[in-house]
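I wanted a quick record of what I looked up in this model. The entries follow in the order I made them.

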Amino acid sequence: MTSSSPALPSSKTRDSAIYLDNAATSWPKPPEVALAMTHFIEEIGANPGRSGHRLSIEAARVMFAAREAIAELFGENDPLRVIFGLNVTDGINLALHGLLKPGDHVITSSMEHNSVMRPLNDLSEQGVDFTQAVCNSEGVLDLSSIETALRSNTRVIVINHASNVCGTIQPIAEIGQLARRHNLIFLVDAAQTAGVIPIDMQHDHIDLLAFTGHKSLYGPMGVGGLIVSERVDPVNMHPSRQGGTGSRSEREVQPDFFPDRFECGTPNAVGVAGLLAAMQWINEQGMNKIRMHEERLCAELLQGLLCIPGVKVYGPQNAEKQTGVVSFNIQGIEASTVGLRLDDEFGILCRVGLHCAPSAHRTLGTFPKGNVRFGIGAFNTIEDIHQALQAVSQLAKEVS
Ligand SMILES: Cc1ncc(COP(=O)(O)O)c(C=O)c1O
């Protein structure tokens, strides 16, 4: 951020605590999010795409506007290829369970979240094989390790764009090129980057992009999903759920067109309304401004932590190469104790442990005890970072 850029913070008063758990979910949200959700409940309220009356049509309009905003943000031409579900986990499950068959092989990385590892382990019991390409000690995936893992039956590469444990940003454009060269389907878990790091599905050769609304997209919980590029035919992807869509009601089999093939049952339209408002807020701020703000705070945090004796920082240790996620341990104190004391004594809220990503912790050498994770968001201030550094410094001094 240039020094003249206006600061983002000040969404609401947060006197009682310093929230540094934005990698789990962003908070606070832009005020427009709650307003849009309240407006939907109070003024629209009807079931989208079902009844055909004016309020139902208005609800469907909100859903479509959100599809358009998502498609535009990620470089997908057809908004109907945005499938709404619960979260990124839902999107990843739909993609992996929908596409893979016994005998298929998948390449993933050693930095993945359980939202990738658990479906893959489940599928391996049904005859789908997978290889975890090993990342280096900073969590970076080397393309040659993907090349080495390639087999004649490899069908999918699935990678997270950035690690939720230490923030490492993977070279998805290069991985996308590799996937395209070998005619593989490229699925990206954008949980930690959607809304803060630019993603262009066409430029990056991403065939399937799973996203979650409640992290750096600043929307509410319970809305996310999957964007399916033109390279994937809906008929070749099995829908994990079947049911009412409001379309083709005379037929008792699931429709074969987007998005209805994969969206059935009443959607979380209130959540989608909130997500739409959040994306409008991001566009007004400018994604780059949010990223620059977080990068500045991240650099300050890294620099401060690296100067505290007894503190070990994991990941790239370079704000340009990571998201606003910084993880560390204090020698001589368990991560769980650090988390409790930061909350109780300093009002600093963070997440400790394994962060649903045991493979990533094995890669970083922090399994099974894990580490302490600070997740920076758009509403954090430099004062938040300084207070967090002071608290860590005090805890580290006690054991030195
Ligand atoms: C990299 C990554 N993938 C998947 C998830 C799961 O996100 P959700 O709970 O929104 O499905 C997370 C959440 O922390 C994540 O960081």
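The model is predicted; local features need pLDDT of at least 70, side-chain atom pairs count only at pLDDT 80 or more, and totals for chains, interfaces and linings use all residues. Residues are numbered from 1 along each chain as its sequence is written.

**Helix H4**

Ser 115 also turned up among the buried residues of helix H4 (residues 114-124), with Val 116, Met 117, Pro 119 and Leu 120. Buried means 20 or more other C-beta atoms within 10 Å of the residue's own, exposed 12 or fewer, and partly exposed in between, with C-beta atoms placed from the backbone. Helices (H or I, at least four residues) and strands (E, at least two) are DSSP runs, numbered from the N terminus. I then checked what these H4 residues pack against: the list includes helix H3 (88-99), strand S5 (154-160) and helix H10 (358-364). Contact here means C-beta atoms, placed from the backbone, within 7 Å.

**Strand S10**

I found six of six residues buried in strand S10 (residues 325-330). Val 325, Ser 327 and Asn 329 point one way, and Val 326, Phe 328 and Ile 330 the other. S10 pairs antiparallel with strand S9 (residues 311-314) over four bridges. It also pairs antiparallel with strand S13 (residues 371-375) over four bridges. Pairing needs at least two DSSP bridges. Ser 327 is the bridge partner of Tyr 314 and stands opposite Arg 373 in S13.

**Domains and core**

I noted domain 1 (32-284) and domain 2 (286-399), with bounds from an automatic or database domain assignment.

The largest nonpolar core has 117 residues. Such a core is a set of buried Ala, Val, Leu, Ile, Met, Phe, Trp, Tyr and Cys residues joined through C-beta atoms within 7 Å. Helix H7 (residues 269-285) gives the most to this core, with 11 residues. Why does the core lie between the domains? Domain 1 and domain 2 both give residues to it.

Terms used. Contact = placed C-beta atoms within 7 Å.
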